[in-house]
Amino acid sequence: MSLRAVSSVTGCGYALRSRLASALTLSSTEGPLGPLGAKRHLPKRGTKPLPQFLWDKKHLEELTGGEYTHKPLRVNRLGGRDPETGRKVNQHIGGGVKFDYFMIDNCRRGPSNFGAFYEERVLEVRRDPNRGPHIALVAGSKGKRWILATENMSAGQVIKTSQHIPDNPVLAVEGNAYPLGALSPGTVINSIEKYPGKGGEFIIAAGSSAEVVRHQGDYVVVRMPNKHEFALHKECMATVGKLSHGDLKDKIFGSPNMHRRFGYRPSSGLFHKKDGYFGRKIRRLPPVRTLDQPDLPPCDKLALTLTKTDLTGLFGTANVHNLLASGYSGRDYHDE
Amino acid sequence: MGRFTVPEAVQTLGLPVYDPNDADFPRKTTPDPVQINHPAFRKPTLQDHVLYNEKPSLVLDGTDAEPMSAGLAQAGALLNAVIRKGFPDRLLKAASGVGDLPKHSDRLCDAIMHAERYDPTLEKLPRRHDPVLFWVVHPRMHGTPRIARNNILLDNLFRYSSVALKAQLSNANPQLAQLFEDFRIDRDEPLSSILPNGCSSEQHGVKDLVVRSHPHLTIQSSKVFSPWASSEEVEATAKEIVPDIRPIDPTIDLKSDHIYNREAVLARSWIPLHVHSIMWSREQDQKYPWTKEQLAANAIAHCFGAAVAQATRYGEVVDGRLKRPIVTRAVQLVDGRLDLVAFQLNTVDLNNRNSVKNIAWIEPAQQLYKPGPIWENYEKVVDLNESAFVKFFATLLG
C-alpha cells in the first residue's frame, strides 16, 4: 500500500508520513521530512575533518626516541591509510618523491614573570615540502628548533616569547609569541593553542591568520578566517602576524606529473551526480564556542578473551550449561 | 549446576590443581624463557662501554658535528678567542717566493689531477641530488669519493711543500730546511682532547669540553714552536671583547655524551713531540651544505682541539693555568677551498672574559681550484689560484 493511498483514506497525509518516517530507521542525513525533504538547512556533509594520515608517527617516534630534533628525517608515509586498520581514510594522497621531514615545534613557552622573555634568533627561513607555510630555524639558549614562519620573518631577526599577562595589552611585534590575554583586540595572530600548554592547533595553513575580537573574563574571543568565533583561555599562546607563503593558493603545479611528484593522486574522473549538499550555502554563523575543557582522550582499546559461554553466542533462555543436553540436571546434587 | 570449586579439604593438602580449560594444559604452549646469567647473553648497556663516564661532557665531534649556528662569532664565544682574519704579513711575505719557482703551477696542477683524475679507486658514490629537478633519480656512479680525493690532494700539497719547496728554498732560507726535517706525519689517527670545566651554559651548567676528530694528517715535531703573538700582544687581548652572540648559547651545537676519553689521544703519544698542524677534508652534504662561515668555525674548533691535546698531554696545564702559549695550525679542504687556521692557546679558562684571550688567525675559504661534479671525469684544472697555495705554505712556515 503506497503512502498516497493511505493518506487519501485517513485524510491526514502529513501526519501519517511523519509517523511512518519516525517508525522507520532514519539516517542522520535525513531531515524532519525524511529523504524527500530539503537538505539546505542540515550541517554540510563532511565538515567534520577526517584525521590526516600523512606521516607514520610510530616510525617518527622510533627514529627520534620520542624527543625533538631539528635534523631532517626520512619518515615513512602512510598515503592516507589508517596505520591500524590499513584502510584508506584520506583520498587522493599517495606516492610522490620522498621529501625530508622537519619536526616543527608548535609549543612556544616562555617565562611568566614581568619583563622576562625567552629570545631566539632566526637563523634560516626555508620552504617545507611537507606543509604550506615556510619554516624558520630559530636558535636560543635551549637549542635549535623549527617553527612556522610568519610573513615577514627573515634570518637575523630576534623573536621573543613571554607568558606574562600584563594589566594593559602589549604592543605586539610580528613573530613574537604572547598569551591571548596579553594581546589587544584587533591583533592578527596565528598558531593558536586550543588549550593552554597543548601547542599550536588553530591557524597553521599558509597565509592564514585569526583576529583577537574581545576579552571576556578568563577567556578571549578569537575570530577565525571563516568568521567562526572561539572563546579560548587567556593563557593560550599565540604567535603574532600572518603565516608566510600566502601566495601558495595562487601557485599552480603546472602539470599532472608535478602533482604526482608532490604526493597527490588523481581524482576518479568519473561523473558523480550532485545532490542538495553541493553548492554554496548561506547560513547563520554559529554562536561563540567556548573551549574550556580539552576533549577526553579516546579510551584504551581492551583486548578481551571471551569465555566459552560468550563464545557460544547464546543468550536468554538458550544460554544454559552445555552439559544439560547430555542429561545432567540443573538442580543441586545432595551428598548421600 | 554451580561452578566447580576446589574443596577446602583438597586445598589444605596442598596438591597441584590443573584447570583443563587453561590454554597451558597439559603442556605449556610457550616455553619458559631461558635465564642464563652470562655476559655473552646480556645486551650491552651504555654503562658497559669502556669509555663510559658518569658525568656527561659536551662533545664537539669531527665526524658527526653540527655546524656552528652563529659561525665565527660562536667559535670565538665558545673558545674565549679573538678572531683575526688574515695571517700576519711577515708569514705571507716569507712564503711569497714560491710563485717564482720554475714549473710551480704545473706541479700544483699535477697534484690536483693526481687526486681528481688519476686515482683508480672505484667505490660507490653518493647518489646525485638535483635541487631543481628533485624527482629525477640519477644512477649510482662509481669512482673516487670526495674525501679520498681531498685527502690525496692534502698529501700532495704537503709533500710538495715539505720536500720540493724545502729543497728549492733552503739555500735562500736555511731555517726552512730545519723546520721540515723533523716532521713526523701520521695519517688517519684519532685525536681527542678534554678541557675540564671547559664550558658553562644555562642549559647544561659547567661541563667538560671534549673535542675529537679524525684528521687525515697529524704533523708533529720534536721542536717547540714559537707563538705567533708576543707576550705584549697576548696581554693586550685582555682588553678585547669576545663576540657576544646572545640570544644564542655558544654550546647549543655541542652534543652531551657520556662516552669520551678522559685523557688526550694523539698519535705517537709515547714520544715527546709537539703538534705542528692537522689537515683534514670534509664532504659537503648535497642537500644541506655548510656555509663558508660554518666551515671556518669548524676549522677553528678543531685547531683548538689539537692545541688543547698538546697542552694536556705533557702536563702543560697546572692548576687550571697554561705554562706557556701553544700554537697549532689546521688546514681544512672542502670542495677545492682551503680554510687555513692558526690557533694560539693562551688560556684554558674559557669562561673568564676578563682574562687574556686565545687568538685565532684564519684565512677562510681560499679557493685553490674549482672542482667538478663528482659524477663527471675531471679533465683539466679549472681556475687554479696560486695565492691560496702561498697562504697554505705560510701556514706551515709559521
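Let's start with helix 9 of chain B, where the buried residues are B:Ala388, B:Phe389, B:Val390, B:Lys391, B:Phe392, B:Phe393, B:Ala394, B:Thr395, B:Leu396 and B:Leu397. Keep in mind that this is a predicted model. Chains A and B touch each other, with 18 residues of chain B in contact with 26 residues of chain A. Salt bridges come up a lot below, and the structure holds 28 of them over all chains.

**Helix 9 of chain B**
- This helix covers residues 386-397, which makes twelve residues.
- From its first C-alpha to its last it reaches 17 Å, close to the 16 Å expected at 1.5 Å a residue.
- It's mostly covered, with ten of the twelve residues buried.
- A lysine is on the buried list too, namely B:Lys391.

**Where chain A meets chain B**
- Put together, the two chains bury about 1900 Å² between them, and 57% of that is on carbon and sulfur atoms.
- On the polar side, nine residue pairs are in polar contact across the interface, both residues being at pLDDT 80 or more.
- The salt bridge count between the two chains is four.
- One salt bridge pairs A:Asp100 with B:Lys287, at 3.3 Å from N to O. A:Asp100 sits in the loop between helix 3 (57-64) and strand 1 (118-126) of chain A, and B:Lys287 in the loop between strand 10 (274-281) and helix 8 (292-313) of chain B, so this pair joins two chains.
- B:Lys287 has a relative accessible area of 31%, so it is partly exposed.
- A:Lys144 and B:Glu66 also meet through their side chains in a salt bridge, again with 3.3 Å from N to O.
- A:Lys144 and B:Glu66 belong to a network with A:Lys71 and B:Asp253, joined by salt bridges that share partners.

**Salt bridges within a chain**
- In chain A, the side chains of A:Glu229 and A:Arg223 form a salt bridge at 3.2 Å, N to O.
- A:Glu229 is buried, with a relative accessible area of 15%, while A:Arg223 is partly exposed at 30%.
- In chain B, B:Asp61 pairs with B:Arg212 at 3.3 Å, N to O. B:Asp61 is in strand 1 (residues 52-61) and B:Arg212 in strand 7 (residues 205-213), so the pair ties together parts that are 151 residues apart in sequence.
- B:Asp61 counts as buried at 13% relative accessibility, and B:Arg212 counts as buried at 18%.

**B:Asn150 and its surroundings**
- You'll find B:Asn150 in helix 5 (residues 146-169) of chain B.
- With a relative accessibility of 1%, B:Asn150 counts as buried.
- Setting aside neighbours within four places in sequence, B:Asn150 is in contact with B:Ser281, B:Arg282, B:Leu333, B:Val334 and B:Asp335.
- B:His258 is another story: B:Asn150 and B:His258 are 108 residues apart in sequence and 32 Å apart in space, C-alpha to C-alpha.

**The annotated stretch of chain A**
- An unreviewed UniProt entry lists residues 80-161 of chain A as "domain: Large ribosomal subunit protein uL2 RNA-binding".
- In the model, residues 80-161 of chain A are 0% helix and 30% strand.
- The end C-alpha atoms of that stretch are 35 Å apart.

Definitions and conventions
Residues are numbered from 1 along each chain as its sequence is written. Chains are lettered from A and ligands numbered from 1 in the order in which they are written. This is a predicted model: local features need pLDDT of at least 70, side-chain atom pairs count only at pLDDT 80 or more; totals for chains, interfaces and linings use all residues. Side-chain values use heavy atoms; hydrogens and water are left out. UniProt positions are given in the numbering used here, feature names are shortened, and annotations may be inferred rather than shown by experiment. Helices (H or I, at least four residues) and strands (E, at least two) are DSSP runs, numbered from the N terminus. The expected span of a helix is 1.5 Å times one less than its number of residues. Buried means under 20% relative accessible area, exposed over 50%, partly exposed in between (1.4 Å probe, protein chains only). Contact means heavy atoms within 4.5 Å. Buried area is the accessible area (1.4 Å probe) that two parts lose on being put together, summed over both. A polar contact is a pair of N or O atoms within 3.5 Å; within protein, one must be able to donate a hydrogen and the other to accept it, and residues adjacent in sequence count only if both atoms are side-chain atoms.
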